[in-house]
Amino acid sequence: MSQRQLAGRVGLSQPEIARIESGVVAPSFERVVELVRACGFDLAVRLVPLDEDAYSLAEQNMSRSPDERLAGLLAGLELYEQGVGRGGSDD
Amino acid sequence: MTDLRPAEIFAVLDRHEVRYVLIGGLAAILYGAPHVTTDVDIVPEEDRRNLMRLSEALTELKARIRVAGEPDGVPFGHDGVSLAKVRIWNLVTDLGNLDISFVPSGTRGYDDLRRDLRTVTVNGIDVPVASLADVIRSKEAADRERDRAILPVLREMLERERGDRRGDRVRGGREGPRARG
């Protein structure tokens, strides 16, 4: 669907849609729901536990180089394989 | 389980000039996600010649099919034609687990992911990595329990990355994620 088509469905202009897509404008929650429905979907929102450690670690990692992040993974894998990893993913 | 050596897997793919996009948990980790993954997930271009190069890379990696109860995997023959016939390959190699998917959940495959890919240099090798937004899109579509657990952090990282980019544009600076704070 083009920006112009979506704009027509929700009563906005194409430039307004472009600004939302590019992140220049942060739409209200109600506007997001409206846009999602105009695209033929519905928005499911659910609560999940807050993992403050993960945010803190991500903050640290983002200041590191990719090589350092990879080294962190390999160190984490060693712990993971010893059964004390802090959670993981298989993909 | 074979130790995961992602940088060496990237080097083999690079040496054989395989065109692919890295996605999944390792892509997220290269952006800074604080999680653990045990495999490398790639989305190869489906072009026959590219899959022939991928097949040669798999031969060098001594790739076998990953099967429960068979820690060393099951050997299999492959070429550019046979690789295209199966949409998902879960493999074990001498350098760790390698998963190949032509159309990961929530995406339309290589051409879709390559549009926004980022080149990340790992151990001197340029690795084509799916954008963080595409990694999130794929994990949202897969909707597995372990994906749901890490998605809030990935979304936060994406917001920070976008915020930094907006800041860079205002300052006339460079593109790309940077550290905050």
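Predicted model: local features only at pLDDT ≥ 70, side-chain atom pairs only at ≥ 80, totals over all residues.
**View 1. A:Gly72, a partly exposed glycine.** Look for A:Gly72 in helix 5 of chain A.

**View 2. Where chain A meets chain B.** Here 28 residues of chain A touch 41 residues of chain B. Put together, the two chains bury about 2900 Å², and carbon and sulfur atoms account for 59% of that. As for polar contacts, four residue pairs across the interface meet the rule, with both partners at pLDDT 80 or more. Two elements of chain A each give two or more residues to the side that touches chain B: helix 4 (52-62) and helix 5 (66-81). Of these, helix 5 of chain A supplies the largest share, ten residues. Sort this side of chain A by class and you get twelve nonpolar, eight polar and eight charged residues.

**View 3. The salt bridge between A:Glu59 and B:Arg160.** How many salt bridges link chain A and chain B? The count is one. Its partners are B:Arg160 and A:Glu59, and their closest N and O atoms sit 2.1 Å apart.

**View 4. Helix 3 of chain A and its buried residues.** Zoom in on residues 29-38 of chain A, and you'll find A:Val33, A:Leu35, A:Val36 and A:Ala38 buried. What do the buried residues of helix 3 pack against? Their partners are helix 1 (3-10) and helix 2 (14-21), both of chain A. After helix 3 of chain A comes A:Gly40, with a positive phi near 90°.

**View 5. Confidence along chain B.** Chain B has a mean pLDDT of 89, and 90% of its residues score 70 or more. Among the elements of chain B, strand 1 (residues 20-23) has the highest mean, 98, while helix 7 (residues 145-171) has the lowest, 79. Over residues 171-181 of chain B, pLDDT is below 50; even so, the model gives this stretch 20 contacts beyond near neighbours in sequence. For the complex, the predictor reports an ipTM of 0.80 and a pTM of 0.78.

Conventions: Residues numbered from 1 in each chain as written. Chains lettered and ligands numbered in written order. Heavy atoms only, no water. Contact = heavy atoms within 4.5 Å. Buried area = accessible area lost by both parts, 1.4 Å probe. Salt bridge = Lys/Arg side-chain N within 4 Å of Asp/Glu carboxyl O. Polar contact = N/O pair within 3.5 Å; in protein donor to acceptor, adjacent residues only side chain to side chain. Helix = DSSP H or I, 4+ residues; strand = E, 2+ residues; numbered from the N terminus. Nonpolar A, V, L, I, M, F, W, Y, C, P; charged D, E, K, R; others polar. Buried < 20%, exposed > 50% of the residue type's maximum accessible area, 1.4 Å probe, protein only. pLDDT = per-residue confidence, 0-100.
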